[in-house]
Amino acid sequence: QVQLVESGGGLVQAGGSLRLSCAASGSFFSINAMGWYRQAPGKQREWVTSITSRGITNVLDSVKGRFTISRDNAKNTVYLHMNSLKPEDTAIYYCNANANVFGLLGHDYWGQGTQVTVSS
């Protein structure tokens with residue numbers, strides 16, 4: 001199994017920056033893609049950005065140029081660098097990892113979520 005622990009959320013003023021971290025641990029033998037999703041109050045969870053094991057990234061259009069995902073494979077950790085934050089970025093941010101464990105390949109795991117609040 002895979003455990004994902006997120007950190008780095010908080011309250012920030014519009015225009016500010018935050019960095020989220022998500023560390024994976026457990027009995028897996030490899031991690032494929034990792035990514036971030038978010039869920040704003042009253043809305044469905046949406047994909048924000050992802051990165052493959054080789055470093056190929058994709059990002060939601062509305063955060064392009066402001067959010068950057070990076071990954072440290074040696075630490076099994078993914079980061080989300082958020083700049084020029086807007087009030088509409090307020091949400092619970094969830095880390096996701098697609099991992100290979102013995103007997104189960106390509107399974108999705110989720111972190112517990114971390115709150116990001118952007119004040120205007």
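**Entry 1: R71**

Which backbone oxygen does the side chain of R71 reach at 3.1 Å? I looked it up in this predicted model and found the backbone oxygen of I31. I then saw that a polar atom of the R71 side chain lies 3.2 Å from the backbone oxygen of I51. R71 itself is found in strand β7, residues 67-72.

Next I looked for a charged partner. R71 is buried yet has no salt bridge. The nearest side chain of opposite charge belongs to D72, 8.3 Å away. Leaving out residues up to four places away in sequence, I noted what R71 touches, including N32, M34, T52 and V78.

**Entry 2: ring pairs**

I counted 2 aromatic pairs. In one of them, the rings of F29 and F102 have centres 4.9 Å apart and planes at 45 degrees, so I wrote the pair down as tilted. F29 sits in the loop between β3 and β4, and F102 in the loop between β9 and β10, so the pair ties together parts that are 73 residues apart in sequence. F29 is partly exposed at 44% relative accessible area, while F102 is exposed at 69%.

Then I turned to Y37 and W110. Their ring centres are 4.9 Å apart with planes at 70 degrees, so this pair is edge-to-face. Y37 is in strand β4 and W110 in strand β10, 73 residues apart. Y37 is partly exposed at 23%, and W110 is partly exposed at 37%.

**Entry 3: R45**

Which rings does R45 lie over? I found R45 over the face of Y94, 3.7 Å from the ring centre. The charged end of R45 also sits over the ring of W110, 4.8 Å from its centre.

Definitions and conventions: Residues numbered from 1 in each chain as written. Predicted model: local features only at pLDDT ≥ 70, side-chain atom pairs only at ≥ 80, totals over all residues. Heavy atoms only, no water. Helix = DSSP H or I, 4+ residues; strand = E, 2+ residues; numbered from the N terminus. Buried < 20%, exposed > 50% of the residue type's maximum accessible area, 1.4 Å probe, protein only. Lys, Arg positive; Asp, Glu negative; His and termini not counted. Salt bridge = Lys/Arg side-chain N within 4 Å of Asp/Glu carboxyl O. Polar contact = N/O pair within 3.5 Å; in protein donor to acceptor, adjacent residues only side chain to side chain. Contact = heavy atoms within 4.5 Å. Phe/Tyr/Trp six-rings, centres within 6.5 Å; stacked < 30°, edge-to-face > 60°. Lys NZ or Arg CZ within 6 Å of the ring centre and 35° of its normal.
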